[in-house]
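This note sets out points for a colleague who is reviewing the model below. Please read each point beside the coordinates.

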Amino acid sequence: QAPVVSISGLTPGVHTLSGQMVDGGYMIVDAFTTHPSPVDSTPPTVSVVSSPAAANGTNGWYTSPVTVTAAATDAVDPSPVVSAQVDGADWAQATAPIVISSDGAHTVAIRATDVSGNTSAITTTQFKIDASAPVSNATVDATARTVKVRAADDTSGVDHVEYQLPGGTWTVLTGQITVGSSETSVNYRAVDKAGNVEATNTVTVPRAGAPLQTSITRVTPTSASTVAGKKVLLKITVVGSGAAPTGTVRITDGATLLGTTTLTKGKATYQASASDIGVGQHALTISYDGDPTYDVSSASTTITVAHAASATTVNVKPATAAYDSAVTATVKVSAPGVVTTGTVTLLDGSTVVAAGQLNASGKASISLPTLKVGRHTLTASYAGDALVAASTSPATTITITKAPTTVTVTAPKVVANAGIPVTANVTAKLPTVEPTGKVTLTISASSGTTIETRSTKLTHGAAAIVLKGIPAGTYTLRVTYAGDSNTAASSVTKTLAIRR
């Protein structure tokens with residue numbers, strides 16, 4: 001037999017094909033089942049771009065912050081969730097580019113997950129940053145007419161030290177600097193393996209027979225303890241036996257140069273950033289580089305820096321949402337005088353439901369996973385970073401309601417006492433939600449008398465019922481869906497005409 005009907009676009013479920021025989025012909029009536037679309041088993045595709053695209057220093061080092069931008073595409077899900085793991089920390093949603101600025105070796109891992117739960121392979125980006133110049137110090141031996149220079153670098157390491165005599169070019173130092181009998185100013189600086197060049201330092205070797213006088217450097221901080229985000233004022237005095245010393249004073253923390261200041265009548269002040277110093281106990285060295293009259297000298301002071309207190313807030317929109325619909329939590333972490341970085345975690349009660357990376361504004365926009373129907377109490381927990389203490393937000397609530405549903409029903413006009421195929425389809429607002437449970441079909445006469453009631457289970461959101469033995473007439477057909485744990489009840493009414 002040749003087909004006479006072509007059917008397409010049916011929803012998954014059970015369907016019954018019926019018809020009426022006409023004179024001179026015949027008809028085959030069949031029942032069939034359509035199945036859901038093939039399951040999505042293909043993970044998203046991830047792309048990762050770093051900026052700068054290649055190391056902008058030497059020996060494979062970056063000398064500036066590195067920005068890692070990740071994106072994902074998927075054949076089914078238009079917005080797969082991108083997550084990142086920075087330096088082995090917990091995975092967290094990455095809704096903004098990741099900026100890494102701290103010195104050292106770093107690893108950023110990226111993956112994406114689609115709405116079907118498929119997760120991509122992990123894409124890893126590795127790089128090393130040294131954005132800090134090395135530090136060097138010189139010692140003058142006026143009798144031997146020499147200058148010795150020591151240098152240090154905490155990250156990539158010192159590559160070399162170079163010096164410059166009056167009127168000369170920069171020369172790599174291979175031992176010590178030797179000068180003649182006249183008063184000589186010597187410039188010197190260190191270069192690290194990443195290519196960072198220290199600011200030029202200068203010492204003076206006095207003329208032969210005129211040894212440098214002894215200088216004494218003293219330093220007094222306004223406070224020996226502070227918190228990240230604040231400033232510490234250092235009051236510096238350099239004294240000698242004659243006129244007030246002149247020249248430059250350098251402030252260092254180990255191998256890190258914090259800054260320089262210039263003496264005025266033997267005195268100077270320097271405002272040190274506690275954030276630049278870093279959390280912990282630090283022994284700062286104040287180094288006087290000397291002048292044509294006075295020798296170099298130094299002093300030290302100890303500063304203790306504590307983590308800055310943070311405040312975390314979370315805002316969820318919408319506050320009421322249907323099951324499996326899109327819900328976004330915006331988390332903000334602030335600390336006085338400090339840019340907050342790191343990861344925030346969302347908890348539903350005591351259960352972790354999602355995590356996100358803070359952007360440059362201290363915010364994270366996090367897509368919530370599917371939550372159960374009901375009221376949920378959410379908090380955001382900030383893990384803290386190198387400068388900022390951990391904190392937890394006040395609680396906020398979100399109410400998840402059952403997903404709304406729609407019932408559609410098809411029933412042809414038929415001859416009395418013939419089988420009446422009735423097909424009901426129940427669909428939810430979101431295609432990712434499939435209603436389950438039962439539908440109930442009720443046929444009522446115009447008088448309101450119930451003629452028949454039948455119930456059957458949904459299969460992939462659809463159900464088919466064949467009614468028989470109903471007399472000719474006009475009836476009200478009502479199909480009611482009872483709902484399930486995730487989808488709401490709904491119903492539809494249709495007029496059914498049965499001919500004699």
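1. The structure under review is a predicted model. The values quoted in the following points are to be read with that in mind.

2. The sheet of E34, E36 and E39. Three strands make up an open sheet in the order E34-E36-E39, with antiparallel pairing. Strand E34 (405-410) and strand E39 (462-467) are the edges, and each has a single partner strand, so one side of each is left without a neighbour in the sheet. From one strand to the next, the twist averages 20°. Six bridges connect E34 with strand E36 (residues 420-428), and this pairing is antiparallel.

3. Glu162 has Val172 in E13 as its bridge partner.

4. The hairpin of E28 and E29. Strand E28 (residues 343-348) and strand E29 (residues 351-357) run antiparallel and are joined by six bridges. Within this pairing, Leu347 has Val352 in E29 as its bridge partner. The hairpin has two residues between the strands, and Gly349 takes a positive phi near 70°.

5. The aromatic pair. How many aromatic pairs does a search of the whole structure find? The search finds one. The ring centres of Tyr62 and Phe127 are 6.0 Å apart and their planes stand at 70°, so the pair is edge-to-face. The pair links distant parts of the chain, 65 residues apart: Tyr62 is in the loop between strand E3 (45-51) and strand E4 (66-73), while Phe127 is in strand E9 (residues 123-129). Tyr62 counts as buried, because its relative accessibility is 9%. Phe127 is likewise buried, with a relative accessible area of 7%.

6. The largest cavity has a volume of about 50 Å³. Its lining includes Ala322, Tyr323, Asp324, Leu368, Pro369 and Ile400. By class, this lining holds seven nonpolar, two polar and one charged residues. The second largest cavity has a volume of about 30 Å³. Val422, Ala424, Val439, Leu441, Thr456, Ala463, Ile465 and Val479 form its lining. The elements that give two or more residues to this lining are E36, strand E37 (438-444) and E39. The lining of the second largest cavity divides into seven nonpolar, one polar and no charged residues.

7. Open space. The second largest pocket holds about 1300 Å³ of space. Its lining has 40 residues, of which Ser101, Ser102, Thr341, Asp385 and Ala386 are the closest to the pocket centre. Strand E7 (98-100) and helix H1 (274-277) are the elements that give two or more residues to this lining. By class, the lining of the second largest pocket has 17 nonpolar, 17 polar and six charged residues.

8. Asn137. Asn137 belongs to strand E10 (residues 135-141).

9. Asp484. Asp484 is placed in the loop between strand E40 (473-481) and strand E41 (490-499). Asp484 counts as buried at 16% relative accessibility, because the cut-off for buried is under 20%. Between Asp484 and Thr67 there are 417 residues of separation in sequence and 47 Å in space, C-alpha to C-alpha.

Note on methods: Residues numbered from 1 in each chain as written. Predicted model: local features only at pLDDT ≥ 70, side-chain atom pairs only at ≥ 80, totals over all residues. Heavy atoms only, no water. Pairing = 2+ DSSP bridges. Helix = DSSP H or I, 4+ residues; strand = E, 2+ residues; numbered from the N terminus. Axes fitted to C-alpha atoms, helices over the stretch in contact; angles between N-to-C directions. 1 Å grid on protein atoms, 1.4 Å probe; cavity = no way out; pocket = protein on both sides within 12 Å on 5 of 7 lines; lining within 4 Å. Points joined across faces, edges and corners; volume = space filled by probe spheres on them. Nonpolar A, V, L, I, M, F, W, Y, C, P; charged D, E, K, R; others polar. Phe/Tyr/Trp six-rings, centres within 6.5 Å; stacked < 30°, edge-to-face > 60°. Buried < 20%, exposed > 50% of the residue type's maximum accessible area, 1.4 Å probe, protein only.
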